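The entries below follow the order in which I looked things up.

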Amino acid sequence: MTESRWRRMLGDLLSGAAREEVVSGRAGLAVEEPVPARSGTTTCNVSLPSIDEPLHFNATISFEARWGGNAPAPPSLHDIAWTGIVHRAEEISRLRALTAAERLRAELNAALLAWRGVGGTDVYARGQCSSVEADADLAAAVAEREKAQCQQAVLSWRSHERWHQEERMRSLLLDPLRATASWFLDNQDKPEHVVEVARTFRELRVVLAPEERADSAGQLLDDLLGSTDEAVRFRVVSKLRNAFVQYDREDLAARLDEIQVRSTGA
């Protein structure tokens, strides 16, 4: 064998050893994944909380564990890895209602795909979710609740819009100039009717203007008692009765008691 052939063979052997060191991580290069040992795949069933804390999903999750420490892997490797997987799954499931079981399955697969360390240990875990199910009756009840909430939101929005329309109409009816301008904006082809419309709005303002009344202490007290909750109302009435008694007006205190009896239906 010639010297040049020996040199080529030696070069091939050296380059192969270098490649092996790079692959195994012994060449000093950064290794993204933890070093072996690596466990097989384990499949478990787990109950995951939903956004409604008493209600739970039933999920089937497969996971792998890897040990990244220098010492031998501990016997509890699987338990530690499973704890990390469940914790990661619960972070996602708590954001979803029972009606989103299939969406949760996809999100769990995205969240569990990568290797991730568990707490402060040298255990790494990753997983895959094959199914997420929810009790059919409970899921139907949640769906009905969501439907009712949507309907309530629509009704609330319509009521709010109605209130704004009423307030705008009231403001217009009490301001003949604005009301006339608003009418004319929609009827610019009828300028001959502007004077008649303006006169009508002026007459409406006289009819619809709120009555003015002079405030009195009694009226202010009536407003207070009519616009507060039961606890505040009871406190105000108690203080008022004590004031009547303090100034020797037991007759007023008795009348106040009669009013309270009639208002409560006792």
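Entry: I began with Arg126, which is partly exposed at a relative accessible area of 23%. I use buried for under 20% relative accessible area, exposed for over 50%, and partly exposed for values in between, with a 1.4 Å probe and protein chains only.

**Entry: basis.** I note that this is a predicted model, in which local features need pLDDT of at least 70 and side-chain atom pairs count only at pLDDT 80 or more, while totals for chains, interfaces and linings use all residues. Residues are numbered from 1 along each chain as its sequence is written, and side-chain values use heavy atoms, with hydrogens and water left out.

**Entry: the partner of Arg126.** Which residue meets Arg126 in a salt bridge? I found Glu64, with an N to O distance of 2.9 Å. A salt bridge here is a side-chain nitrogen of Lys or Arg within 4 Å of a carboxyl oxygen of Asp or Glu. The pair links distant parts of the chain, since Glu64 is in strand E2 (residues 56-67) and Arg126 in strand E4 (residues 123-133), 62 residues apart. Glu64 is buried, with a relative accessible area of 14%. I keep in mind that side chains of opposite charge can pair when their charged atoms come close.

**Entry: salt bridges within helices.** I counted 10 salt bridges by this rule. One of them joins Glu107 and Arg103, whose closest N and O atoms are 3.1 Å apart. Both residues lie in helix H3 (residues 101-112), 4 residues apart, which is about one turn of the helix. Glu107 is partly exposed at 21% relative accessibility, and Arg103 is also partly exposed, at 49%. I traced a network of salt bridges that links Arg96, Arg103 and Glu107.

I then turned to helix H4 (residues 136-173), where Glu167 and Arg170 lie 3 residues apart, again about one turn of the helix. Their salt bridge has its closest N and O atoms 3.2 Å apart. Glu167 is partly exposed at 30%, and Arg170 is partly exposed at 46%.

**Entry: cysteines.** How many disulfides does the structure hold? I found 0, a disulfide being a pair of cysteine sulfur atoms within 2.5 Å. Cys129 is buried at 2% relative accessible area, whereas Cys44 is partly exposed at 23%.

**Entry: a nonpolar patch.** I located a nonpolar surface patch of about 370 Å², made by Leu204, Val206, Val207 and Leu208. Patches consist of residues with over 30% relative accessible area and no salt bridge; like charges are joined within 9 Å, and nonpolar side chains (Val, Leu, Ile, Met, Phe, Trp, Tyr) within 5 Å. Leu208 is found in helix H6 (residues 194-208) and is partly exposed at 41%.

**Entry: the chain as a whole.** I recorded 9 helices and 4 strands, taken as DSSP runs numbered from the N terminus (helices H or I, at least four residues; strands E, at least two). Along the sequence the pattern reads α-β-β-α-α-β-β-α-α-α-α-α-α. Of the 266 residues, 22% count as buried. The chain exposes about 19,200 Å², and carbon and sulfur atoms supply 55% of this; accessible areas come from the Shrake-Rupley method with a 1.4 Å probe, and for residues only the protein chains shown count as cover. Among contacts (heavy atoms within 4.5 Å) with a separation of 6 or more, residues 24 or more positions apart account for 55%.
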